[in-house]
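Dear colleague,

Please find below the structure that I am handing over to you. My findings follow it, arranged by topic.

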Amino acid sequence: MTNRTFTMIKPDAVENGHIGAILEKVTSAGFKIVALKYTQLSRRDAEAFYAIHKERPFFGELVQFMTRGPIVSAILEKDNAVDDFRALIGTTNPAEAAEGTIRKLFATNISENAVHGSDSDENAAIEGAFHFSGREIY
Ligand code: GDP
């Protein structure tokens, strides 16, 4: 799995009509989409997915945000996928993100920041398996 990462286009970016533009940036950067789904997280899903953040002060806000509308989830394949995708999306806070990054272009603020990207190979595998069964990955 070391050449794979997991992403979500978050509810803010879906609401703002950026699904197509974001997928275009992703594929233009050399990522191959090996799994793709348009779905909505339940409260239970979001709490489980972000369990690592459950002690953080923004946890409730994060769960509320991530469940308020549909998302696009995907598994992406490329050499050095995790690090290259983090570089493509930019920093958590879009105000600090580099020009041309997905968060700089499409995010609203540190909370509503348009996209998720796994932070390690291990988490990419866990997160991908959370969203997709083996027969949904091509
Ligand atoms: P990421 O790896 O860049 O997504 O950042 P983190 O793992 O630190 O945080 C996970 C997600 O929680 C972020 O992408 C944001 O949606 C949200 N988040 C992070 N920091 C804050 C914050 O200070 N306030 C709020 N409201 N949300 C935050």
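Which helix gives the most to the lining of the largest pocket? The answer is H7, with 4 residues. Please note that the model is a predicted one.

**The largest pocket**

The space in the largest pocket amounts to about 700 Å³. Its lining is made up of 25 residues, and those nearest the centre of the pocket are Tyr50, His53, Phe58, Leu62 and His116. At least two lining residues come from each of helix H3 (43-49), helix H4 (59-66), strand S4 (115-117) and helix H7 (121-131). Sorted by class, the lining of this pocket holds 10 nonpolar, 8 polar and 7 charged residues.

**The largest cavity**

The model also contains 1 cavity of 30 Å³ or more. The largest cavity has a volume of about 40 Å³. Around it stand Thr7, Ile9, Ile22, Leu23, Val26, Ile33, Leu76 and Phe85. Strand S1 (4-9) and helix H2 (19-28) are the elements that give two or more residues to this lining. The largest share, 3 residues, is that of H2. In terms of class, the lining of the largest cavity has 7 nonpolar residues, 1 polar residue and no charged residues.

**Strand S1 and its partners**

Strand S1, which contributes to the lining of the cavity, deserves a separate description. Of its 6 residues, 6 are buried. Arg4, Phe6 and Met8 lie on one side of the strand, Thr5, Thr7 and Ile9 lie on the other, and both faces are covered.

S1 pairs with two strands, as set out here:

- With strand S3 (residues 71-77), S1 pairs in the antiparallel sense over 6 bridges. Within this pairing, Met8 has Ser73 of S3 as its bridge partner.
- With S4, S1 also pairs in the antiparallel sense, over 3 bridges. Here the bridge partner of Ile9 is Val115 in S4.

**Ala35 in strand S2**

Ala35 belongs to strand S2 (residues 32-39). Is this residue buried or exposed? Ala35 is buried, because its relative accessible area is 2%, and the cut-off for buried is under 20%. Ala46 stands 11 residues from Ala35 in sequence, and the two are 19 Å apart in space, C-alpha to C-alpha.

Asn80 is found in the loop between S3 and helix H5 (81-89). Asn80 counts as partly exposed because its relative accessibility is 43%, which lies between the limits of 20% and 50%.

Ala114 is found in the loop between helix H6 (102-106) and S4. Is Ala114 buried or exposed? At 0% relative accessibility, Ala114 counts as buried.

With kind regards

Key:
Residues are numbered from 1 along each chain as its sequence is written. This is a predicted model: local features need pLDDT of at least 70, side-chain atom pairs count only at pLDDT 80 or more; totals for chains, interfaces and linings use all residues. Side-chain values use heavy atoms; hydrogens and water are left out. On a 1 Å grid over the protein atoms alone, a cavity is a set of points where a 1.4 Å probe fits but cannot get out, and a pocket is an open set with protein on both sides within 12 Å along at least five of seven lines; lining residues have an atom within 4 Å of a point. Grid points are joined across faces, edges and corners, and a volume is the space filled by probe spheres set on the points. Ala, Val, Leu, Ile, Met, Phe, Trp, Tyr, Cys and Pro count as nonpolar, Asp, Glu, Lys and Arg as charged, and the others, Gly among them, as polar. Buried means under 20% relative accessible area, exposed over 50%, partly exposed in between (1.4 Å probe, protein chains only). Two strands pair if DSSP finds at least two bridges between them.
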